[in-house]
Amino acid sequence: EDEVNLFRQSFEKYDLDGNGKLAREELSPLLADINISMRTVEDQRRFLTLLEDARKEALHCGATVEEVGEPGSPGIAFWTFIHLMRLLQTQQDVAASQEQRCKHSFNEKELEELRVIFRTWCAVFLGDMKKYALDFADDIRVNSGDIDTMDDSELKLSFDTLELLFRQLGVPITPTHMKQLKGKMILDPQNGLPVHERAYLVDCNGFFRLLAFMLDSNFAGLRETSEEIAQAPAAVLGDFE
């Protein structure tokens, strides 16, 4: 609630006519303050893509079409503004991490062990979906077939299950850490998932990239528990075998 109030105050600073929507002429001060250039066609395309992503996130979080506007509609409504700011808050850190050369590379043995871990925890995720009747929005696709017959590329792991995996490893992961990881995956140019799925699910390649990033940066102290990953799957699977 405090965060929303802060966003409201910021929004009202730019909403000069007080109609609850930032019109084209009200955007220039906002774009200048958040260092977004609109000089080139590519700059404009990039911003419009980010704006549409913010609209989708707002809709997924419960806002109505009336509150965020139709795709491609002019102006920025308040809830779209909130999600736009949240995306931008993580963009700088994510971009910086992506510019760094990935120092950690898994060997074939480690990749196979990580693949087994990923598939095993995907089975946990799918089992929980069936057991607790978990569900996502209609446009978020999760293959609920027989995991033994599915290729790695068909599998997805939820962030909630990923958090359980980290806790099984003994990684001191926090809700803030998980938000940062979601932000990284949302903006990851190598992420093969649709944008609207990225805040909820991770595919196999994304799982590998997240672990490499966490090991390189010792994110959430993962480096201290990396030997458990290397010695897995037994140490990581625990009671789930």
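User: Is Cys204 buried or exposed?

Analyst: The structure is a predicted model, in which local features need pLDDT of at least 70 and side-chain atom pairs count only at pLDDT 80 or more, while totals for chains, interfaces and linings use all residues. Residues are numbered from 1 along each chain as its sequence is written, and side-chain values use heavy atoms, without hydrogens and water. A residue is buried under 20% relative accessible area, exposed over 50% and partly exposed in between (1.4 Å probe, protein chains only). Because its relative accessible area is 7%, Cys204 is buried.

User: How many disulfides does a search of the whole structure find?

Analyst: A disulfide is a pair of cysteine sulfur atoms within 2.5 Å. Cys204 is in no disulfide, since the nearest cysteine sulfur, that of Cys122, is 7.6 Å away. Across the whole structure, the number of disulfides found is zero.

User: What is the relative accessible area of Cys61?

Analyst: Cys61 is a cysteine that counts as exposed. Its relative accessible area is 52%.

User: How many helices and strands does the protein chain have, and what share of its residues counts as buried?

Analyst: Helices (H or I, at least four residues) and strands (E, at least two) are DSSP runs, numbered from the N terminus. By that count the protein chain has 11 helices and four strands. Of its 241 residues, the share that counts as buried is 42%.

User: How are helices H8 and H9 oriented to each other?

Analyst: H8 covers residues 175–187 and H9 covers residues 204–217, and their axes (lines fitted to C-alpha atoms over the stretch in contact) are 11 Å apart. The two helices pack at an angle of about 125 degrees, where angles run from 0 to 180 degrees between N-to-C directions. Angles under 35 degrees count as roughly parallel, over 145 as roughly antiparallel, 65 to 115 as roughly perpendicular and the rest as oblique. H8 and H9 are therefore oblique.

User: Which residues of H7 meet H8?

Analyst: Helix H7 (residues 159–169) packs on H8 at an angle of about 130 degrees, with their axes 11 Å apart, and this pair is therefore oblique as well. On the H8 side, the residues in contact (heavy atoms within 4.5 Å) are Met178, Leu181, Lys182 and Met185. Leu181 and Met185 are also among the H8 residues that meet H9. The H7 residues that meet H8 are Phe159, Glu163 and Phe166.

User: Which residue with a positive phi follows H7?

Analyst: Within H7, the buried residues include Phe159, Leu162, Glu163, Leu165 and Phe166, with Leu169 also buried. After the helix comes a residue whose phi is positive, near 90 degrees, and that residue is Gly170.

User: How far is Asp146 from Leu126 in space?

Analyst: Asp146 lies in the loop between helix H6 (108–131) and strand E3 (156–158). With a relative accessible area of 44%, Asp146 is partly exposed. It is 20 residues from Leu126 in sequence, and the C-alpha to C-alpha distance between them is 9.5 Å.

User: What is the relative accessible area of Ala220, in the loop between H9 and H10?

Analyst: The loop between H9 and helix H10 (226–230) holds Asn218, which has a positive phi of about 55 degrees although it is not a glycine. At 24% relative accessibility, Asn218 counts as partly exposed. Ala220 also has a positive phi of about 55 degrees without being a glycine. Ala220 is buried, and its relative accessible area is 13%.
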